[in-house]
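Have a look at the fold, then work through the notes below.

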Amino acid sequence: MAVPEPSEFEVKFAVPAASRAQVAAEVSRGAGFQGRRSLTAMYLDTPDGRLAAAGLAWRLRRESRRWVQTLKARSGAALLRIEHEVPCATPTPDATRHAGTPAGERLLALLHTAQRDGLQVEVRFRTEVRRSTRVIRTRGAVVELAFDEGQIVAGPLQRRVRELEFECLSGSRTAMLDLARRWQQRFGLLLDPLSKSERGSLLANGQLHPPVRKAALPRFAAGAPAGVAFAAVLDECLDQVLRNAAGLCDGAREQRVEHVHQLRVGLRRLRSALRSFRGWVQAPPPPLVDGLQALFTELGRTRDNDMMAGSVAADLAAAGGPPWPARPATQGRPPAVLLRAPPTQGLLLDWLRWQATDRDTQGGMDPASKSLPPSDHLRRRARKRLRAWHKRLAQQAQAFDTLDETSLHALRKRIKRQRYAVEFLAPLLPRRALTRDLPQLTRAQARMGELHDLFVLQAHCQTGATAAPAARFALTWLAERIAEARAGSRTAVHALSGAEPPLP
């Protein structure tokens, strides 16, 4: 019989080099200081990394004079992970020590499949850290701070570890995050959503920086109440935002443009989620929403500059145009600087705190869900909302040929919101709504996005900010491209206007 799985609620930060000495001193002071110890861990996986791909981290760690075997798994909730520990006499891995737990049964099944495929478990990477711990009794919670310094080693590759972790031992999760917020602002800490096991798996695959995180469908039961469904959607959106932000803070230069793009997608999806669930769950404080909009706007300037200096400049050169001028010296803060700034880091942590507040007060459920109707009523409300949005979208789409640039931009945002809403509410919808409507919405959004980008470029060339010969050539070239893009958008959008509503 399966036993309940223990979990840990924690938030982790990268510690900038400039703050290292201050953080180390602060962790080491006071009556709550628990001392320092060396920790050496071996992380186990198959050569193709199938445990990591399944969200499992399996390790053997030497803690002073004893060995501990640990299995960790994603819980589906932000900052919450499943953890099962078993002391062992020798550093010999034995998956049956976790038998009887849901994560343990998943581990055994994966290892069985791997063995059938001729793959054996091996040490994929190891960690060597010196850990200082301190327990703080803050108002409403008992929190353990763990400051780790050391390295992750995977074959010839190494990565420095300098991170501070806050774990809620008891009490309020929001109280723990309040404490983390004070430390974050004081020492310039950077949110790091990637665990050591995730970073080690990346290193074992030859990746030094976090990959681009694209959107995924949220997961929740079809019978879940509104609060639980919204929590799953919010977790998905926040994970996309945080992981792409971490990639930019981490210095992932080779994929910087795509990190910026996917971060903006995550921010847009998060704002769309609030619209999709409006009236069914508790709304966030206005400063959180305003902060998202400001961050989205500033990152938009970066994306526009990247587009002008990258693909557009190449297309113009291929068309025989004069050299495109270098990007202007004043273009706002670089993405890494913007994301590392304490106000931005504070905003991201405040969103995690707001999400945790709902789970804190109701043991994992949004407090607003107490007064909401049953899940079947939620399903009806979701379908009613999507039908109404589709009707307005179809009316606007039928008038496509008469729309000016401003109205086309509004139509594009409506299409995007409809697509995201269908994705968010997917577990409540018939399968045909996903197989029929999502591809249509995706195509229309892509076409309208191309047209919008061309309008942005046209406006840029008309400002006189670029050299005259290049701008004149670009405007002529853009006029032709806009005509082509508008025709393609018309076809995709008319397909939406003639479609049936996404729900019966």
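**Helix packing**

Helix α13 (residues 431–462) packs against helix α14 (residues 468–497) at an angle of about 160 degrees, and their axes are 8 Å apart. That makes α13 roughly antiparallel to α14 (the label for angles over 145 degrees). This is a predicted model, where local features need pLDDT of at least 70, side-chain atom pairs count only at pLDDT 80 or more, and totals for chains, interfaces and linings use all residues. Residues are numbered from 1 along each chain as its sequence is written, and side-chain values use heavy atoms, with hydrogens and water left out.

**More on α13 and α14**

- α13 passes α14 in a left-handed crossing (the near helix is turned anticlockwise from the far one by less than a right angle).
- The residues of the contact of α13 with α14 split into 18 nonpolar, 5 polar and 4 charged.

**α6 and α7**

- Helix α6 (residues 226–249) and helix α7 (residues 256–276) pack at about 155 degrees, with axes 8 Å apart.
- They are therefore roughly antiparallel to each other, and α6 passes α7 in a left-handed crossing.

**α3 and its two sides**

- The 15 residues of helix α3 (residues 102–116) should span 21 Å at 1.5 Å a residue, which agrees with its end C-alpha atoms being 21 Å apart.
- Ala103, Gly104, Leu107, Leu111 and Ala114 are the buried residues of α3 (under 20% relative accessible area, 1.4 Å probe, protein chains only).
- They cover an arc of only 95 degrees around the axis, which puts them on the same side of α3.
- His112 and Arg116, on the other side of α3, are exposed (over 50% relative accessible area).

Key
Axes fitted to C-alpha atoms, helices over the stretch in contact; angles between N-to-C directions. Helix = DSSP H or I, 4+ residues; strand = E, 2+ residues; numbered from the N terminus. Parallel < 35°, antiparallel > 145°, perpendicular 65-115°, else oblique. Nonpolar A, V, L, I, M, F, W, Y, C, P; charged D, E, K, R; others polar. Expected span 1.5 Å × (residues − 1). Arc of directions from axis to C-beta.
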